[in-house]
Amino acid sequence: MEVKDAKFLICDDSILARKSLTALLKSFGYTNILEVSNGQDAVNTYMHEHPTVVLLDIVMPIKDGITATKEILEYDPKAKIIMVSSVGTQTNLREAIKAGARDFIQKPVEESLLEEVLEHVLN
Amino acid sequence: MDMTEQTNEILSHSNFEKIAPKLSDFVQEYIKKLILDLVTYVNADISVGEIETVSEYYAKKELSQEITGVPSAYSAMDAAEDALISFAADYSKMEVNEYDILVREALLDFLNLHNGLFVVQLSKLNICELSLAVPKQNGAFLMTSPATGEITVIPVTFPYGTIRFLLCELEHTA
């Protein structure tokens, strides 16, 4: 399997969700993967690590995903952020896109959809 | 038989039809979606016991999540520890043997997934736009019904035990 060099930052308060996303990314050939569990840590880690793509949940303690998206994009307007959430309501979809997210993936994450979205965002 | 038909079949063997007139549309839809999500993501071999409404409920562990907006609601799940461990293993497909952090995470992950899919369904049907609070885990708790209504207890029996799902509307639709 080809090892791909993009760096990922997964931000989700659920250990299960992080494990499952990490496993999917590894199955696609990505090995450089960071994990954090709240929006504030996502912002801090982004500033230090400059990941290629951020996969961000919405409902999280300390700082939610929409606020974290705005703060990351304020720091780096070119940041590639994909929201991954179980709460894909019309309001959240609108808010995520308005905040600057590149895409929105509804949980549970379908492998083929994640692969397709990543291909689009990375190219 | 598809999963929706399977859900209807499971509910037809319970007292759902009988008790439905006493429940709000919101609670009825929540129960239907809960059974569909359990069949889809956890285990299709389930049956629903006697659904009832109570004014208070005591649980040894609090595994809960608030649905926010109008209407808002408090959702939770409760069972004997062995059943919770088996449910967590069934849902997460992980090997777990004791009530530890992974089990609690898996239980809250299911609650969050189901509640998320429920509010997405309401949003897609243009019924209402709701959101979710962060799921909570605490020790023993006494759930008391607010003035708006009662606590609906939905007992679901799996091959390894019964899990009781709880829903309590906190604020009705305006």
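Is the crossing of H3(B) and H5(B) left-handed or right-handed? The crossing of these two helices is right-handed, where right-handed means that the near helix is turned clockwise from the far one by less than a right angle, and left-handed that it is turned anticlockwise.

## Basis of the model

This is a predicted model, in which local features need pLDDT of at least 70 and side-chain atom pairs count only at pLDDT 80 or more, while totals for chains, interfaces and linings use all residues. Residues are numbered from 1 along each chain as its sequence is written, and chains are lettered from A and ligands numbered from 1 in the order in which they are written.

## Chain A: overall build

Chain A holds 5 helices and 5 strands, the helices being DSSP runs of H or I with at least four residues and the strands runs of E with at least two, numbered from the N terminus. Along the sequence these elements follow the pattern β-α-β-α-β-α-β-α-β-α. The radius of gyration of chain A is 13 Å, close to the 14 Å that the globule rule gives for 123 residues, so chain A is as compact as a globular protein of that length; the radius is taken over C-alpha atoms, and the rule is 2.2 Å times the number of residues to the power 0.38. Taken along the principal axes, the C-alpha atoms of chain A fill a box of roughly 40 × 30 × 30 Å.

## Chain A: the sheet

The strands of chain A form an open sheet of 5 strands in the order S2-S1-S3-S4-S5, with parallel pairing, two strands being counted as paired if DSSP finds at least two bridges between them. The edge strands are S2 (30-36) and S5 (103-106) of chain A, each of which pairs on one side only, and the twist averages 20 degrees from one strand to the next. Strands of a sheet pair through backbone hydrogen bonds, either parallel or antiparallel. Strand S1 of chain A, residues 4-11, pairs with S2(A) in the parallel sense over 6 bridges, and A:Leu9 stands opposite A:Leu34 in S2(A).

## Chain B: overall build

Chain B has 5 helices and 10 strands. The radius of gyration of chain B is 15 Å, close to the 16 Å that the globule rule gives for 174 residues, so chain B is as compact as a globular protein of that length. Along its principal axes the C-alpha trace of chain B spans about 45 × 40 × 30 Å.

## Chain B: helix packing

Helices H3(B) and H5(B) pack at an angle of about 125 degrees, with their axes 10 Å apart; axes are lines fitted to C-alpha atoms, for helices over the stretch in contact, and angles run from 0 to 180 degrees between N-to-C directions. That angle makes H3(B) oblique to H5(B), given that angles under 35 degrees count as roughly parallel, over 145 as roughly antiparallel, 65 to 115 as roughly perpendicular and the rest as oblique. In this packing B:Tyr30, B:Lys33, B:Leu34, B:Asp37 and B:Tyr41 of H3(B) meet B:Leu113, B:His114, B:Leu117, B:Phe118 and B:Gln121 of H5(B), residues being in contact if their C-beta atoms, placed from the backbone, lie within 7 Å. By class, the contact has 6 nonpolar, 2 polar and 2 charged residues (Ala, Val, Leu, Ile, Met, Phe, Trp, Tyr, Cys and Pro count as nonpolar, Asp, Glu, Lys and Arg as charged, and the others, Gly among them, as polar).

Helix H1 of chain B (residues 3-12) packs against H3(B) (residues 25-41) at an angle of about 120 degrees, with the axes 9 Å apart, which makes H1(B) oblique to H3(B). H1(B) passes H3(B) in a right-handed crossing. Residues of this contact include B:Ile10 and B:Leu11 of H1(B) and B:Ile35 and B:Leu36 of H3(B), and the contact as a whole divides into 6 nonpolar, 4 polar and 1 charged.

## Where the chains meet

On the side of chain B, 17 residues are in contact with 18 residues of chain A. Helix H5 (101-124) and strand S6 (131-132) of chain B each supply at least two residues of that side, and H5(B) gives the most, with 11 residues. By class, the side of chain B that touches chain A has 9 nonpolar, 5 polar and 3 charged residues.

## Backbone exceptions

Most residues other than glycine have a negative phi, and most peptide bonds are trans. A cis peptide bond joins A:Lys107 and A:Pro108, with omega about 0 degrees, and A:Pro108 lies in the loop between S5 and helix H5 (111-122) of chain A. In chain B, the peptide bond from B:Val70 to B:Pro71 is cis, with omega near 0 degrees, and B:Pro71 lies in the loop between strands S4 (62-68) and S5 (72-78) of chain B. B:Lys93, although not a glycine, has a positive phi of about 60 degrees, and B:Lys93 lies in the loop between helix H4 (81-92) and H5 of chain B.

Definitions and conventions. Two residues are in contact if their C-beta atoms, placed from the backbone, lie within 7 Å.
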